[in-house]
Amino acid sequence: MKILEERIRREGQILSDTVLKVDSFLNHQVDTGLALQIGREFGRIFADEQITKVLTIEASGIQFAMAAGIALGVPFVYAKKKKAVTQAEEVYTAEVYSFTKRESYQVSISRRYLGPEDRVLIVDDFLATGAALVGLTDIVAESGAELAGVGCVIEKSFQEGRSLLEERGIRVHSLARIAAMSPGQVQFIDEESLVH
């Protein structure tokens, strides 16, 4: 997605060869128009998959899951990082590790909102180590739902996340794939050159 790559080049802050800060337009302050474009793009990519639910993890994936849900005409559900007092019902859970926060936590989704009748698209802001997304795929499997694929806004292709998901037979599509980065420069993978 060229517009996304341009915004990353223009506004992204590369803090190291593994840390990209995009909080001015994606995951702190959100460019709502761009978020809706991202949702429409995921809707276009996964249009033929008969998606019934879009799934993400709080908090940075919520706006993109909502936009994808709008584009696909389906609800979105997000995994909560902390159990609320109002969440008395049974839940699916998974342990996940956050690369950016450097901590593990348990995420949960109410069993009322995900089940064997669902065909799920997982959407998240970043794919790096893949830990959060693997946790969500485990929850989908536990629920008996069918996983149609994973859509990521930005992928750090030099990290192991994609291979962890593809080893499980999961379709992965990222809108901006970073091959390498260092302070002051970012190199993207051209998706069109990967098409066979």
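How many residues does helix α4 have, and what should they span at 1.5 Å a residue? Select residues 131-143 to find out. Helix α4 has 13 residues, which should span 18 Å. Its end C-alpha atoms are 19 Å apart, which agrees. Keep in mind that this is a predicted model.

**Stay on α4**

Colour the buried residues of α4: A132, L133, V134, G135, L136, T137, I139, V140 and S143. Then step to G144, which follows α4. The phi of G144 is positive, near 85°.

**Move to α2**

Select residues 32-45, helix α2. The 14 residues of α2 should span 20 Å at 1.5 Å a residue, and the end C-alpha atoms are 20 Å apart, so the two values agree.

Which residues of α2 are buried? They are L34, A35, I38, G39, F42, G43 and I45. Show their surroundings next.

Now select residues 62-72, helix α3. The axes of α2 and α3 come within 7 Å and cross at roughly 55°. That angle makes α2 oblique to α3. The crossing is right-handed.

Show side chains at the contact. From α2, pick A35, L36, I38, G39, R40, F42 and G43; from α3, pick F64, A67, A68, A71 and L72. This contact of α2 with α3 has nine nonpolar residues, two polar and one charged.

How far apart are the axes of α1 and α2? They are 10 Å apart, and the two helices pack at an angle of about 140°. That makes α1 oblique to α2. Here the crossing is left-handed.

I3, L4 and R7 of α1 meet L34, Q37 and I38 of α2. The contact of α1 with α2 divides into four nonpolar residues, one polar and one charged.

Select E49, in the loop between α2 and β3 (53-57). Is E49 buried or exposed? Its relative accessibility is 17%, and buried means under 20%, so E49 counts as buried. Display its neighbours to end the tour. Leaving out residues up to four places away in sequence, E49 touches R119, A148 and R171.

Note on methods: Residues numbered from 1 in each chain as written. Predicted model: local features only at pLDDT ≥ 70, side-chain atom pairs only at ≥ 80, totals over all residues. Heavy atoms only, no water. Axes fitted to C-alpha atoms, helices over the stretch in contact; angles between N-to-C directions. Helix = DSSP H or I, 4+ residues; strand = E, 2+ residues; numbered from the N terminus. Parallel < 35°, antiparallel > 145°, perpendicular 65-115°, else oblique. Left-handed = near helix turned anticlockwise from the far one by under 90°. Contact = heavy atoms within 4.5 Å. Nonpolar A, V, L, I, M, F, W, Y, C, P; charged D, E, K, R; others polar. Expected span 1.5 Å × (residues − 1). Buried < 20%, exposed > 50% of the residue type's maximum accessible area, 1.4 Å probe, protein only.
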